[in-house]
Number of protein chains: 2
Amino acid sequence: MTPLVKKYFLKLPHASDEDKTPDLERVLDGLRREGLDVDTVPLSAIRKLSRALRPVDQLRDNDFEVTATVCLAGRPELIDVEPGGFAGRRSTAFGLAVDLGTTNIVCSIVDLNSGKSVGELSGTNPQTAIGEDILARIHHCLKLSEAGQPAGLEELRLAAVDAINVLAERLAHDAGISVGDISCACISGNTTMAHLFLGLDPYNICRAPYVPAANRFGSFRAKELGLNIKPEAPVVVLPNVGSYVGGDVLAGILASGMAERDGISILVDVGTNAEIIVGNRDWLVACAGAAGPALEGGVVSSGMRAAPGAIDRIRIGENYEPSFSVIGDVPPYGMCGSALIDLLSELFRTGLIDGRGRFIPGRTERVVNTEWGAAYKVTENIVFTEKDIENLIRTKAAMYTALTVITAEIGITFNDIESFFVAGTFGEYIAADKAVSIGMLPDIPINKFKLLGNSSLKGAVLALLDLKSIEQIENIASTITYKELNASAEFMSLYRAAMFLPHTDASLFPSAYKS
Amino acid sequence: MTPLVKKYFLKLPHASDEDKTPDLERVLDGLRREGLDVDTVPLSAIRKLSRALRPVDQLRDNDFEVTATVCLAGRPELIDVEPGGFAGRRSTAFGLAVDLGTTNIVCSIVDLNSGKSVGELSGTNPQTAIGEDILARIHHCLKLSEAGQPAGLEELRLAAVDAINVLAERLAHDAGISVGDISCACISGNTTMAHLFLGLDPYNICRAPYVPAANRFGSFRAKELGLNIKPEAPVVVLPNVGSYVGGDVLAGILASGMAERDGISILVDVGTNAEIIVGNRDWLVACAGAAGPALEGGVVSSGMRAAPGAIDRIRIGENYEPSFSVIGDVPPYGMCGSALIDLLSELFRTGLIDGRGRFIPGRTERVVNTEWGAAYKVTENIVFTEKDIENLIRTKAAMYTALTVITAEIGITFNDIESFFVAGTFGEYIAADKAVSIGMLPDIPINKFKLLGNSSLKGAVLALLDLKSIEQIENIASTITYKELNASAEFMSLYRAAMFLPHTDASLFPSAYKS
């Protein structure tokens with residue numbers, strides 16, 4: 001595995017009358033002995049060179065020992081030179097992986113030597129305060145300054161960059177390093193998020209014929225993007241395939257490994273939108289649907305993202321009393337997507353709701369009336385209302401319908417699926433059997449389901465750890481085909497049929513009806 | 001000839017449901033049809049792309065015609081995209097050639113399509129106000145800010161950058177273009193000047209073992225250097241060979257063509273220092289001596305650089321009356337190097353001075369006494385004193401001695417020289433026969449002398465006009481050997497013998513003594 005960036009300790013021969021090699025060429029010669037043919041060196045690194053070679057006092061000290069940080073993507077680039085050699089953490093190159101979601105941003109600092117994460121943190125994407133959803137943000141970009149500059153776009157760009165800087169700063173602090181020690185970054189987001197992060201006009205993403213400004217962005221330097229990591233650190237923004245299939249999806253495909261398998265896999269990524277990818281090493285088909293943020297905590301009254309304080313698993317026991325687990329060692333504050341799926345499944349299993357998601361009155365005093373109508377009371381402050389259930393049933397019906405339509409269009413059935421990957425920020429907590437029992441996921445053998453967790457972040461981590469991953473993502477991008485799932489009459493009729501727990505057609509969910 | 005930068009007008013297919021190629025890839029496809037495989041595009045150019053494709057109002061207009069500016073060095077880079085196509089000058093890429101001298105800065109804007117200069121301007125290097133000579137400037141770089149930052153270096157760097165910006169702005173204005181239309185630049189200077197321009201610590205240039213920070217700088221972007229031309233314009237800083245042989249000398253060798261010839265040539269570049277290069281296509285030897293700024297206008301009382309108002313040629317006629325020509329259509333203000341050489345030769349020829357450079361009293365009332373001693377009065381305000389003559393004799397003696405020593409060390413005589421190139425800012429005005437008559441240049445057939453003018457600037461122009469030139473300069477850099485001319489006893493004795501007009505050894509200057 002070749003990471004994006006690596007540090008090299010160089011013990012160089014001293015300059016002398018016999019060896020008048022200049023400082024820059026001396027360092028490059030040292031790297032050549034390490035097998036690296038570097039020919040690009042940014043100005044800031046050249047400027048630091050002479051001092052780094054003679055660090056303490058250039059009039060006397062002259063030790064010619066430096067630590068060089070080299071970006072290994074494409075033709076190697078020397079991005080930093082520091083005086084002396086380092087031990088422990090300082091001898092390590094660190095990378096920042098970013099899942100830049102529409103609603104949430106998740107950052108992880110990765111030790112590029114060991115491949116291990118040294119910390120992970122998430123936060124709300126502050127762009128939500130400017131525009132709740134993607135369309136609102138794209139329209140916000142029409143706002144121009146008096147001088148005709150794209151002020152709205154810049155506002156959104158800075159919001160994302162600042163949020164990443166804050167998360168990176170806290171992560172670095174907790175890991176006992178400086179943000180300046182982070183030598184590279186990889187940003188994984190959907191097409192609009194990538195455009196906003198780079199300051200590219202997203203207008204044509206949502207306007208026919210739906211052509212983004214760019215699909216392949218390449219690599220930039222941290223300082224030109226405003227990221228406060230090492231100024232010359234390469235920042236890779238994962239490519240997208242068009243307006244609807246972004247780098248986050250490609251990262252997920254990479255993380256699943258489905259594009260290297262012979263058998264057919266499905267990958268479902270439930271974020272603010274739900275993306276479905278079907279395929280194998282030879283072909284990949286993607287489609288997207290507005291899953292709605294029901295599972296991300298944005299719509300459901302007590303919903304929240306999978307973070308400390310979120311109930312992640314929940315079960316209704318004797319006397320309809322709930323038992324649950326909470327992420328982190330804190331009191332429960334809300335429920336994340338996996339708990340919502342659990343709870344819907346449990347309410348149905350225990351007969352507290354009917355197939356349409358209506359509470360059956362009088363069964364237990366845990367079902368109360370709130371200002372939003374009937375609700376199941378998990379705790380004093382956490383309730384699950386009929387309205388929430390309705391939202392969730394819409395989401396699960398949309399998901400199941402999309403899965404039905406896309407497999408039918410490809411000409412396969414759910415039985416042809418070898419592996420079924422479930423991704424999303426709450427994807428590591430989800431119980432596949434519960435998702436099947438509410439008719440969200442198809443009724444296939446439970447061991448075929450694989451929980452990926454945040455596959456967008458995982459893909460970004462892989463891209464930092466191995467240059468081959470970036471190549472693989474580009475191969476995936478060139479293989480993938482996007483299929484538009486039109487809201488046709490047939491789709492609508494399938495969708496209506498799926499608006500029932502688990503489904504109006506019992507034969508589709510034999511195991512659910514059996515239990 | 002492939003210039004450093006070229007403009008391409010692209011008429012691109014419109015985006016449609018059948019052709020969803022993103023804006024960036026659409027432009028790159030258009031360039032591919034022109035035979036250009038561009039894979040690097042800076043962020044600023046990507047940001048401009050979408051607007052350039054749909055310029056007037058992106059809600060309606062959609063013409064997909066752009067003019068792309070591409071840097072052709074190495075792997076082609078798209079450095080700018082402008083809406084529509086251009087006619088006339090705006091369809092042309094312009095380059096800025098800069099001779100960054102210790103005392104003077106000369107800039108020229110070059111039309112990269114026709115290869116012609118559209119204007120040339122020179123000015124004093126404002127660094128002279130901070131440190132008169134190179135050593136003073138290198139020591140100024142030891143000045144640190146309170147925060148330990150290299151404040152002196154930054155001060156010198158900005159002085160040079162600002163001066164170039166001012167000259168470029170005036171040149172662009174006179175040429176009827178904007179500085180933003182200048183798409184590339186080439187900087188030719190000695191090793192210290194290149195270091196100061198780039199903000200590289202020059203300290204080790206003047207400290208044993210005399211190792212610069214770098215010999216090969218490569219190419220940078222205008223905006224990172226502070227040049228106000230097109231922000232992403234490539235700026236090539238010509239390489240040097242060590243502390244004493246700079247890019248200006250390599251540019252001169254390129255401009256002379258001596259490194260492509262079988263016969264042996266000598267190139268003498270008289271600037272603040274005098275550099276001598278001897279060689280042919282197989283070998284090149286360089287040496288440098290402190291010629292002193294006598295010929296550049298810095299030391300001689302009425303001296304000035306070759307600019308409007310400078311007397312460039314001068315002759316003493318009947319009754320010791322001078323006749324002269326002036327650069328530009330302006331009254332004379334001073335004398336440039338070529339006039340000084342002429343005048344010294346004429347004073348000697350007409351018997352107004354003796355072989356030691358002393359005025360012979362009473363010959364003409366044009367010889368007057370000034371506060372600096374005896375002087376020849378060219379005009380009311382322009383005089384040439386005994387002190388000036390002494391300085392000039394030192395310069396010419398140093399030059400002739402260096403030529404004698406270097407050819408002897410190589411093992412050739414002046415008779416082996418096929419071409420003798422004379423370069424320097426005043427080098428296009430110099431009269432070789434006069435320089436021979438004062439014993440500055442060797443007494444070889446006069447048709448062997450070739451006047452190059454400002455060969456540093458000429459080399460920079462060539463580097464802008466043809467990528468092969470940059471390769472050639474790098475070949476020259478790797479061929480050249482530097483010889484230290486030690487101030488040995490032998491050198492000093494030769495020098496003293498040359499402190500006479502034309503020389504104490506008459507046999508060395510048969511034609512001078514003949515005339």
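Let me start with the open sheet in chain B of this predicted model, which has six strands in the order E20-E19-E10-E11-E12-E21 and mixed pairing. At its edges lie strand E20, residues 449-453, and strand E21, residues 480-482, each of which pairs on one side only. If we ignore direction, neighbouring strands of this sheet are turned by 20 degrees against each other on average.

Within that sheet, please look at strand E10, residues 264-270 of chain B, and strand E11, residues 274-279 of chain B, which run antiparallel and are joined by six bridges. To pick out one position there, B:Val268 has B:Ile276 in E11(B) as its bridge partner.

Which helices pack on the sheet? One of them is helix H7 of chain B, residues 247-256, which touches E10, E11, strand E12 (284-289), strand E19 (417-423) and E20 of chain B, and whose direction makes about 135 degrees with that of E10(B). Another is helix H9 of chain B, residues 386-410, which touches E10, E11 and E12 of chain B, with a direction that makes about 25 degrees with that of E11(B).

Elsewhere in chain B there is a hairpin, formed by E13(B) and E14(B), with five residues between the strands. Strand E13, residues 310-316, and strand E14, residues 322-326, run antiparallel and are joined by five bridges, and in E14(B) the partner of B:Arg315 is B:Ser323. In this hairpin, B:Asn319 takes a positive phi near 55 degrees.

Turning to chain A, helix H1, residues 23-33, packs with helix H2, residues 43-53, at an angle of about 85 degrees, and their axes are 9 Å apart. Because of that angle, H1(A) is roughly perpendicular to H2(A). The residues that meet are A:Asp23, A:Leu24 and A:Val27 from H1(A), and A:Ile46, A:Leu49, A:Ser50 and A:Leu53 from H2(A). Sorted by class, this contact of H1(A) with H2(A) has five nonpolar residues, one polar and one charged.

Finally, how are the two chains related? Chain A is superposed on chain B by a rotation of 180 degrees with 0.0 Å of shift along its axis, and the RMSD is 0.2 Å, which means that the relation is that of a two-fold axis. Which residue of chain A comes closest to the rotation axis? A:Glu224 does, with its C-alpha at 5.4 Å. As for the interface, 100% of the interface residues of chain A are also interface residues in chain B, and therefore the copies meet through the same surface.

Notes: Residues are numbered from 1 along each chain as its sequence is written. Chains are lettered from A and ligands numbered from 1 in the order in which they are written. This is a predicted model: local features need pLDDT of at least 70, side-chain atom pairs count only at pLDDT 80 or more; totals for chains, interfaces and linings use all residues. Axes are lines fitted to C-alpha atoms, for helices over the stretch in contact, and angles run from 0 to 180 degrees between N-to-C directions. Helices (H or I, at least four residues) and strands (E, at least two) are DSSP runs, numbered from the N terminus. Angles under 35 degrees count as roughly parallel, over 145 as roughly antiparallel, 65 to 115 as roughly perpendicular and the rest as oblique. Two residues are in contact if their C-beta atoms, placed from the backbone, lie within 7 Å. Ala, Val, Leu, Ile, Met, Phe, Trp, Tyr, Cys and Pro count as nonpolar, Asp, Glu, Lys and Arg as charged, and the others, Gly among them, as polar. Copies are superposed by least squares on the C-alpha atoms of residues with pLDDT of at least 70 in both. Two strands pair if DSSP finds at least two bridges between them.
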